[in-house]
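I opened my notebook to look over this model one piece at a time. Here is what I looked up, in the order I looked.

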Amino acid sequence: MAMVRGRTTVELIRESALGDEQAISELVQETAPDFLAFVAKRSQCDPEYIVNEVLANVLRRLPELDIPSETEFRAYVYRSLRNRLADEARRSTFVTVPIDTMADSTAPTVEFEGDVIRRISLSGLLERLTPAQRAVISSRFLHGLSLEETAVRVGKPVRSVKALQSRGLRSLRL
């Protein structure tokens, strides 16, 4: 059990729940370095921003939580940090395109297509497909080719391209 200026961490948690600003400050000074290291190892995000945000939320809710020990306090904060990092990771997998830029152009830019391909590949979606399905899906949806153009590109008849596309899309839905 850690001691900070003559008070245990459990006492700091209890006093922080009662709104003691000095206890809150001491509790954050004692625990934040471990939380910062945890976030820094797991994310490209700014660790201080994430830890400050999560600690502020935890400390705001502390009066309504039943946290009797330092271990439970740390576990709760680590769980909150892990959830926040998961949210951040989910947000970063989405491609956002401002509406005003889409109105100016009907065709996606090479940068946008490259970004989409990287994001889909990273998420592993295309890895579920056979090489032939992957070639058809990427030609049709990422490069915007017609069935006929795709057939020429992959060297298969149009009916085979249709079948590969259908099976590939079905695999992606599962």
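I began with the surroundings of Arg84. Leaving aside neighbours within four places in sequence, I find Arg84 in contact with Tyr49, Ile50, Glu53, Val54 and Arg91, where contact means heavy atoms within 4.5 Å. The side chain of Arg84 also makes a polar contact with the side chain of Glu53, at 2.3 Å. For my own reference, a polar contact is a pair of N or O atoms within 3.5 Å; within protein, one must be able to donate a hydrogen and the other to accept it, and residues adjacent in sequence count only if both atoms are side-chain atoms.

Is Arg84 buried or exposed? Arg84 is buried, as its relative accessible area is 13%; buried means under 20%, exposed over 50%, and partly exposed in between, with a 1.4 Å probe and protein chains only. Arg84 sits in helix α4, residues 70-92.

A note on provenance: this is a predicted model, where local features need pLDDT of at least 70 and side-chain atom pairs count only at pLDDT 80 or more, while totals for chains, interfaces and linings use all residues. Residues are numbered from 1 along each chain as its sequence is written, and side-chain values use heavy atoms, with hydrogens and water left out.

Next I stepped back to the whole chain. I see 9 helices and 2 strands; these are DSSP runs numbered from the N terminus, helices being H or I of at least four residues and strands E of at least two. From the N terminus the order is β-β-α-α-α-α-α-α-α-α-α. Buried residues make up 30% of the 174 residues.

Then I checked a helix pair. How do α8 and α9 pack? Helix α8 (residues 147-154) and helix α9 (residues 158-173) meet at an angle of about 95 degrees, with axes 9 Å apart. Axes are lines fitted to C-alpha atoms, for helices over the stretch in contact, and angles run from 0 to 180 degrees between N-to-C directions. That makes α8 roughly perpendicular to α9, since angles of 65 to 115 degrees count as such. On the α8 side I list Leu147, Glu148, Thr150, Ala151 and Val154, which meet Val158, Val161, Lys162 and Gln165 of α9. The residues of this contact divide into 5 nonpolar, 2 polar and 2 charged. Here Ala, Val, Leu, Ile, Met, Phe, Trp, Tyr, Cys and Pro count as nonpolar, Asp, Glu, Lys and Arg as charged, and the others, Gly among them, as polar.

Conventions:
Angles under 35 degrees count as roughly parallel, over 145 as roughly antiparallel, 65 to 115 as roughly perpendicular and the rest as oblique.
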